[in-house]
Structures are given as structure tokens and as C-alpha cells.
Amino acid sequence: MAPPKPNLSKANTTLKRKRDSAVKESLLSTAPKNAINVSQLDVDEDSDVEEAASGSGSGDDSDAESFPEVDAEDDDEDSDADSGQDDDEDQDSDDSYLVEDSDFVDSIDSGDENENEVEDDEIYTGPKARTVISKITGRPKRVYPEIEPDYDSDSSTEEDPNRVGNIPMHWYDDLPHIGYDIDGKKVLRPARGDELDKFLSTVDDPTSWTAGFDKLTQSEQQLSPEELDIIRRLQAAENPDANYDPYEPTVEWFTGKGKEEIMPISAKPEPKRRWQPSKWEKQKVMKIVRAIRAGHILPRKPTTTKPDHYDLWSTPASNHPPPLPAPKVSLPGHAESYNPPEEYLPTPDEKSAWENTDPEDRDRNFLSQKYGALRLVPGYDNFIQERFSRLLDLYLAPRIQRKRLNIDPDSLLPNLPSPAELKPFPTFELLRYEHASQRVRAIAISPDGMWVASGDEMGIVRVWETMVGREAGRYKFDSRVGAIAWCPRDDVDFFAVGVDEAIHLLIPPYQSPERLANTMATLKPTNPPQPVPTTATTLSWAVPALSNTVSPNVLHPHLTIQLQPSSGLVKHLTFHRRGDYFASVGDNGAVWIHQMSKRNSQAPFRKVKGAVQRVLFHPSKPHFFVATQRYIRLYDLAGQKLIKTLKSGMKWISSVDVHHSGDHLVVGGYDKKLAWFDLDLSDKPYKVLKYHTKAIRSVTFHPSYPLFATSSDDGTIQIFHGRVYNDFTTDPLIVPLKVLKGHSVSDGLGVLEIRWSKEKPWLVSAGADGKVAVWCN
């Protein structure tokens, strides 16, 4: 028969009564006779008054402002005293512990409760409290150490400057910082190298494989030996804890005598103090908050401070390149030796010449001397002066950073087509016509390309065939010829010659009867138009009288335009594409536009800025180009206004020509420059070329082929391929093709004039050597 079970409820009641009587006796024995009733005192916020042991403390939040001394024997009893339901909770909690062994009831009488308190103190790992006697109540109380806001913690977060917490770090990808520190300041993103730097770091640093990327700090962090050991254990499928012993003896927690007290099995609910916020911690936190608001607790100051003294040249300014190394002194040679070879010793003549030369013009600052031994060498006289000059060199050395580019020179050259693919163009001299050693400054080619008219400084104009060079006719003027231009019309055939202040119109020989009749009707109409009243009185159109003895090989002017005496020598003539208008430029810059059908001449400009060098008619629009010494101005003749001013960037413009499309212009200058203008692009040159060594005298476009040529005083002719595309997004293609050499330089002058044939890629050139050459393909 089973033994009778003990009465558990009676045992619990007995346990509670004994505990309450023991607490009362301890309080009465320690309290003095004149003890003050704590419940009758007014407790101030900053006083150290303890709440009465009878549990009369208030439970509202106003006590969070004060800092009372904590009087509790342990954490369990303090929490029960603060609550308004202490007795009921203790009653419920005590009743919930069911004693199932009579030995446990006996242990209460023997004082096992004190032993349990000692064990609880050993298990407790928080701040240790000390028991003192209160000066007000005279009762014992526990005092805990003050909380220091800047205490040294062993937590890993104290070493972490970034305090953003566990958030996605990709939020900071587009920002220069990666978070904020404990003071609320931005933590800048550390500099990171590229993949090549990472590879080099692995080669140079043997411990680089033991580092890992930290997303919080955005940098590589070195792993500790303990962390590396954990990684090794995980890779080996071992337990990550190095202190784990899988073979330690088993501890039986639920068997054996006395084990029930260590790990009781109970269904007791969690007490209220486990989940209710601690008032004591709240008071301490509020104390820190008030100290921060009052300014007694300041945030941590930055650890790094700027030095009071620093080197001015150690850290260069960010907006300047790094300083260059100092200029090096040349190493001594044989001439500086105390025992130089005999060939380095100066002769008496060299020594006297060196002494008579100024110090700044000498090749060296000393004369080589020979000594038998080094101890016989005297002191150097110019040592102080050379040291001073060296210091000046260091002080005044230019701080210029020269970057050396490792670029293949062939890669800088443009990919141009081969000249063989751009044929046809003139390559050799077909024939040569000489003007008896006189400078030929003006030439012109007929529209059909059969005749060439050339004029020299003796006033002789010759007309000869292009194919064979046979002279067909000539005319002798009283003064030198300044310019020649052929009319571009196909139904008539005549050319204009500028001599002094007059323009003479001549008809070449061997004309068909029909063309000759049209030409005579143009130059000598039956009913000539009357001159316009606004025409200047000093300018006249006249038909000169022919001599009775006329040779068939002698040319005669059929119409003469006499300009004003102040116009000067006519140095340039140009026809409009329709042949009715032509313009002339005098030696002093006077510009005249002449109309054949009405026999009218007018000056389009009252005053022109700068000396006019060349004028041109636009191929398809009523526009007029005027080239002065440095600028090219484009005028609208119909609207009588200035359209555009082109800036050549040259010191002196020598010649100008316009492309047959009217959108491009080529300009040559006496400063050896050749400029290509795109009129739709800008007022500045699209390309500036420099292929001649001396001044450029003439530039001209081919009327039908994508060719243009330049002539210079260096005696050469440059042939270029200049293709213009209809697509506005494609730039013009400019390719140098050939250098033609055949003229000699005379008195510093070379090739003075060049003209293209209209039908063929042939070129005619006139030089200062008195020769006219025909170049063909």
C-alpha cells in the first residue's frame, strides 16, 4: 500500500508565514527606536529618501524625474514592493509552487532560503550593489554604481563608426557617404580601387585572402584568427565552437537527490516583473537625458586635431599639378678633370679668345687645366657664383607638368584614300611657253580650253594654243599688264585686260563667223545704250580707232573702259557666271562693277574698311565676296546689306576662290597659310593647311572636277583633292595629291598665277621666271 501524500497546501501556508515573520523581525531589529515614518515624508526629486518598507511607494511616472535610493534585498522583492498588487501576486505565485516532497518543507525551517539567495547572487552578472545605512531612514539599502555615459564597452559596435544599423546599404550607392557616426556626422565612402588594384594587392599582400568585404563600412576588414578558425571548421563540416567536447559526461538534471531544486518542472506563468519596464532603468535614462539637455554631457570630440605647424610645400594645392623635380646639374666630363687629356687643354689662341668673350657668351665657365696630383688643385674661384646661380635655377625653374603620351605616330595620321584612287589630276608638264625673261603676272583660259592669254610686265599680251603652244596673236600695251579674265559665255569669245587705269576688251583670232558676229554685237552694238546719268563723269566706255595697217597676228582692243585716275593699276578682274557683269579691283583698293549690256559702271561701296585684295561673284546667288587684308565680307547685292564676315586668321590675304556649289571658300595668304571655309558652318576656317614654305600667291578651284590648287613663291604648285558632299553631316574631304615643280624662283618670286581648264583636269601656271607651263594628267 502506497504511503500517504503530504498535505501540500498546508506546507505552503506554513512556509509563507515563517518567511513573513522572519522579514518583520529583521526590520524591527535593525531600525532605531526613534525611526521616522517614511510614508509621512515629502520626498524631493533629488533626495536619497528610500521608499518605506511597508510598500507605500507610488506607481505613477512622476517618480521618473527623481533619483531615490534603491532599497531592496533582491530584484524579486523590489519589483513586488513597487507594484500595487504585491500581496495578491505573491499569494498567487507562492501558491503556484507546489511542494511535492516533505524534505523540501523541512529545508525551509533549516534556512535553505539564505543558500538560494547566495546562489542567485553568484548567477547574477549585472552591476554589484553594496548595502549601506540610509542617513534619513536609518535602514539598510542597496546602492548601485552610477552609469557613466562614456564608459568603455567591450561591445563591437563601439569600434564601428557607422551607426546606420541593419538597413540595405544600396540606399547609399549614389551618395558620397555611407552613413552617420555616433555624433550624427557623415561617414564618407572610402576610396576603392579597380579590379587591377585588387589583383595587385593579392600579389603584394600575402594576407589579403584573410580579409572580407564589410558592407557597413564599405571596405575590406581583416578577419581575426578566431573567425578564420570558425570558417575552417565550417568548411570541414565540424562544430564551429572550438571548446565543444562531444565526449563530455552526461549531466542528469532530473534524476538524483536534490536535482529537483535546480530545474523544477512547473507550469507557473511568467511574473509581471519579467515584461514590465523597469522604473529604475527609466530613472537612470532620464537622468542622462536631462544632463545632455543641460549641456553637462557633451558628445565626443574628434580624435584628430589639426597641427599648429605644418610644412607649406608638403601638401600642394588641389588645383595645381604636382611639383616637378628640380632641374638636374649636368655630370662632369673630361674637361672638368684635374688631369684631362691633351686635346681638352686650350691653346694660347683659344685661351685669349675665351678671355675676350663676354661671360654670358662663353660655352663654359672655366678653362681646362692640368695638375700632377689632386692635392695640387687650388680652390675654385667661381664656386660661390655657381652655387648662387644654381639656387636661382631652383627658385625660378618653371613648374610645368609635361605629360608624355605613349601614342603611335601612325595612329595620329588620318585614314586618307590613296592618290591613285583619286585620279585624274595633273602630274607632269605638257609644254612651256616663254615670255623673254619677263615676269608673267596674269593668265586666262578660254571656256573651251583651246586658248591661253598671258600678259607680262612689258605690256605684251599673247594668245596661244593650249595643246601645241603656238602663238596665235599678240598686242603691245604701253604699260605692264595687271590682270586678265576671259568671259565665261559660250556664244561669245573675248577677254578683258587690265592695264594701268583702263580695261581693254580683246577678241582672240580664228573665230567662227557666227561667234565673231555675236562677239562684235556685244562689244560694238549698232545702237549702243546711253550712259546712266549717275555714272561718274571721269569714267568712260569708248571704242578705240583701229589702224589702217592691221596684221592678222596682232590683236586690237575693241572696247576700252577708262577708270578714274585715282583707281590705280587694275590688279584683279573677275566675271559673273552669266558673262554680263564683271568686277575690277584697283591697286589702291577701288572696286568697280561693270555691266556689258548697258555699258554702265558703278562703285558698290562708298567706303571699304581695309585694303581690298580680291572680289568674287557668288556662282548662284546675287552675293558678292570682298576680301580685304584680314577679312572676307559677303554682301547681298539685291538687298544691299552685309550678310557675313569671315575671319581668316591670316596677316595678309593674297587670293580667294569660291567653290562652284557656292557653300565653300578657299583663301590663301602671304603668311603661307591656306584656309578652307564652310559658309554654312562658321565664320572661322574649317581647316587651316600649311604646305608651302613661302607666301601663297594664287588659289583656284576647278570648275567641274573635285580639285583645287595653290601656287607659292617657293616655286611649287600643290594639287589637292577637295570633295564636297551633298550630305550636310559629312565633312569635306581634303587630300594632298601632287607637288608640281617646274618654275624657278626669280628675285624671291615664284609661281604668280594659276588657272584651271574648264573641260579637262589641266592646269596653266605663270611664274616670275617668264615661263607659262601647261600641266596635264
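# Close-up views of a predicted model

**Figure 1. Overview of the chain.** Of the 777 residues of the chain, 32% count as buried. The model is predicted. Its secondary structure comes to 13 helices and 35 strands. Among contacts with a separation of 6 or more, 49% join residues 24 or more positions apart.

Figure 2. Asp 747 pairs with Arg 439 in a salt bridge, and the closest N and O atoms are 2.9 Å apart. Asp 747 sits in the loop between strand S32 (733-741) and strand S33 (751-756), and Arg 439 in the loop between strand S7 (428-434) and strand S8 (440-445), so the pair ties together parts that are 308 residues apart in sequence. Asp 747 is exposed, at 66% relative accessibility. The count of salt bridges in the model comes to 16.

Figure 3. Two salt bridges are shown here. In one, Asp 491 meets Arg 489, with the closest N and O atoms 2.8 Å apart. Asp 491 is partly exposed, with a relative accessible area of 36%. Arg 489 is also partly exposed, with 23%. In the other, the side chains of Asp 493 and Arg 515 meet at 4.0 Å, N to O. Asp 493 belongs to the loop between strand S12 (481-486) and strand S13 (495-499), while Arg 515 belongs to helix H13 (residues 513-523), so this pair ties together parts that are 22 residues apart in sequence. Asp 493 is buried, because its relative accessible area is 3% and the cut-off for buried is under 20%. Arg 515 is partly exposed, at 27% relative accessibility.

**Figure 4. A salt-bridge network and a positive phi.** Asp 229, Arg 232, Arg 233 and Glu 238 are linked in a network of salt bridges. Ala 237 is also shown. This residue is not a glycine, yet its phi is positive, about 60°. Ala 237 lies in the loop between helix H7 (225-235) and helix H8 (259-262). Ala 237 counts as exposed, at 73% relative accessibility.

**Figure 5. The second largest pocket.** The volume of this pocket is about 1,600 Å³. Its lining holds 50 residues, and those closest to the centre of the pocket are His 572, Leu 573, Thr 574, Leu 616 and Arg 755. Several strands give two or more residues to the lining, including strand S17 (570-575), strand S21 (614-617), strand S25 (653-658) and strand S29 (696-701). By class, the lining has 25 nonpolar, 14 polar and eleven charged residues.

**Figure 6. The largest nonpolar core.** This core has 21 residues. Phe 494, Ile 503, Leu 505, Leu 573 and Met 596 touch the most other members. At least two residues each come from S12, strand S14 (502-506), strand S16 (557-562) and S17. S17 gives the most, with three residues. In soluble globular proteins, nonpolar side chains tend to be buried together.

Figure 7. Leu 573 is among the residues closest to the centre of the second largest pocket. Leu 573 also belongs to the largest nonpolar core. Leaving aside neighbours within four places in sequence, Leu 573 is in contact with Ala 483, Ala 485, Ala 496, Val 497, Gly 498, Ile 503, Phe 582, Ala 583 and Ser 584. One of these, Val 497, is included in a second, separate core of 16 residues. Ala 444, Ile 484 and Leu 555 are also included in that second core.

**Figure 8. Val 739 in strand S32.** Val 739 lies in strand S32. Its relative accessible area of 38% makes Val 739 partly exposed. Apart from neighbours within four places in sequence, Val 739 is in contact with Thr 716, Ile 717 and Gln 718. Phe 720 is 19 residues from Val 739 in sequence, and the two are 9.2 Å apart in space, C-alpha to C-alpha.

**Figure 9. Backbone details in two loops.** The peptide bond from Lys 423 to Pro 424 is cis, with omega near 10°. Pro 424 is in the loop between helix H12 (409-412) and S7. Lys 672 has a positive phi, near 70°, in a residue other than glycine. Lys 672 is placed in the loop between strand S26 (664-669) and strand S27 (674-678). At 28% relative accessibility, Lys 672 is partly exposed.

Technical notes
Residues are numbered from 1 along each chain as its sequence is written. This is a predicted model: local features need pLDDT of at least 70, side-chain atom pairs count only at pLDDT 80 or more; totals for chains, interfaces and linings use all residues. Side-chain values use heavy atoms; hydrogens and water are left out. Helices (H or I, at least four residues) and strands (E, at least two) are DSSP runs, numbered from the N terminus. Buried means under 20% relative accessible area, exposed over 50%, partly exposed in between (1.4 Å probe, protein chains only). On a 1 Å grid over the protein atoms alone, a cavity is a set of points where a 1.4 Å probe fits but cannot get out, and a pocket is an open set with protein on both sides within 12 Å along at least five of seven lines; lining residues have an atom within 4 Å of a point. Grid points are joined across faces, edges and corners, and a volume is the space filled by probe spheres set on the points. Ala, Val, Leu, Ile, Met, Phe, Trp, Tyr, Cys and Pro count as nonpolar, Asp, Glu, Lys and Arg as charged, and the others, Gly among them, as polar. A nonpolar core is a set of buried Ala, Val, Leu, Ile, Met, Phe, Trp, Tyr and Cys residues joined through side-chain atoms within 4.5 Å. Contact means heavy atoms within 4.5 Å.
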